[in-house]
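Thanks for coming. I will go through one structure today, from the whole chain down to a few single residues. Please have the sequence and the picture open while I talk.

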Amino acid sequence: MSYLRNWFSLNTTAPPPVPAQTTIPGSFVREQDDNDDGSSTADEDDAPPAFPALNSAQRASSSSSTPTPSQSIPTILSDDALMPPPPLPDLASRQPGVTQGKPQTASSSLLAPMATTERPKKPSRKVALAPGYGPLDWASLKSSGQDLRGTDTLIRIPPSVLKLHNKKDDAWTAISGKVYNITPYLPYHPGGEKELMRVAGRDGTKLFSLTHAWVNADFMLDACLVGFLVSESYAS
């Protein structure tokens, strides 16, 4: 029974005392003073440290050289000084339907054709074309390889020779200095054969520009190109 008494007996011994916190030599932990009211750091400010340091070599070298006014205040260039504005293009003042510069005459075929950006106030008359003579049929005829020029090579054509080709079965016209054989194109013209025959045997640049300047004659009649319109003196 003695061992039971030892088993149920209460251990009333006091725990060992906790040793007081001591400062470890070489550590940055300082003993906390319960009586510290913060008066020791009252005179300290929150300003960040100077960079570079006051006794650094960088600060000593910068203080030895006195900056000039041009170095202390940088010069800021304006946009005009950095890159001048580009000159205004001529097309900025262009007005639709108004010819720029000197008016061009149709007497010189080497000048650029008269053009307009406006459609004519009076709409062009269109006629009913026969079946098989539409724009796609004309494109198919051009790509077929058929001879639509009527000449072996490109030739120089003066006005005296051009005016001889003014018949329905032999019609030539000049547009922008290029002479075309419009005979095969007559039945394909949307305005009718009669309207196209107005320029047969003469320079049709002016009439072409006034009626439908937006049409690309070079592409439409490239397979009918005969030659180039030249002056009488140059042809002789």
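The accessible surface of the protein chain is about 19,300 Å², and carbon and sulfur atoms account for 58% of that. Bear in mind that this is a predicted model. The chain has 236 residues, of which 20% are buried. Its secondary structure amounts to ten helices and five strands. If you take the contacts between residues at least 6 apart in sequence, 70% of them join residues at least 24 apart.

Next, confidence. The mean pLDDT of the protein chain is 75, with 55% of the residues at 70 or more. Where is confidence lowest, and where is it highest? The lowest is helix H3, residues 69–72, with a mean of 54, and the highest is strand E4, at 96. There is also a stretch, residues 103–108, where the pLDDT is below 50. Beyond near neighbours in sequence, residues 103–108 have six contacts in the model.

Now the sheet. In what order do the five strands lie? The order is E1-E5-E4-E3-E2, in an open sheet with mixed pairing. Strand E1, residues 155–157, and strand E2 are the edges, each pairing on one side only.

Start at the E1 side. E1 and strand E5, residues 225–229, run parallel and are joined by three bridges. Within that pair, Ile 155 is opposite Gly 227 of E5. On to the next pair: E4 and E5 run antiparallel, again with three bridges. Here Val 179 has Gly 227 in E5 as its bridge partner. So that you can find it on the picture, Gly 227 is the residue opposite Ile 155 and the bridge partner of Val 179.

Then E3 and E4. Strand E3, residues 170–175, pairs with E4 in the antiparallel sense, over four bridges. Thr 173 is opposite Tyr 180 in E4. These two strands form a hairpin with two residues between them. One point in that hairpin is worth a look, at Ser 176. This residue sits in the loop between E3 and E4. Ser 176 is not a glycine, yet its phi is positive, at about 60 degrees.

Helix H8 covers residues 205–212, and its buried residues are Thr 205, Leu 207, Phe 208 and Ser 209. What do they pack against? They pack against E3 and helix H9, residues 217–220.

Why does Lys 142 count as buried? Its relative accessible area is 19%, and the cut-off for buried is under 20%. The side chain of Lys 142 makes a polar contact of 3.2 Å with the side chain of Asp 222. Setting aside residues up to four places away in sequence, Lys 142 touches Leu 148, Phe 219, Met 220, Asp 222 and Ala 223.

Next is His 189, in the loop between strand E4, 178–181, and helix H7, 193–196. His 189 is buried, at 9% relative accessibility. A polar atom of its side chain lies 2.9 Å from the backbone oxygen of Gly 192. Beyond four places in sequence, His 189 touches Val 127, Leu 129, Glu 195, Leu 196 and His 212.

Last, His 165. This one is in the loop between helix H6, 159–162, and strand E2, 166–167. His 165 is also buried, with a relative accessibility of 15%. Apart from neighbours within four places in sequence, the contacts of His 165 are Asp 170, Ala 171, Trp 172, Ala 200 and Gly 201. How far is His 165 from Arg 202 in space? The C-alpha to C-alpha distance is 8.6 Å, across 37 residues of sequence.

That is the end of my list.

Notes
Residues numbered from 1 in each chain as written. Predicted model: local features only at pLDDT ≥ 70, side-chain atom pairs only at ≥ 80, totals over all residues. Heavy atoms only, no water. Buried < 20%, exposed > 50% of the residue type's maximum accessible area, 1.4 Å probe, protein only. Polar contact = N/O pair within 3.5 Å; in protein donor to acceptor, adjacent residues only side chain to side chain. Contact = heavy atoms within 4.5 Å. Pairing = 2+ DSSP bridges. pLDDT = per-residue confidence, 0-100. Areas by Shrake-Rupley, 256 points an atom, 1.4 Å probe, with all protein chains shown as cover.
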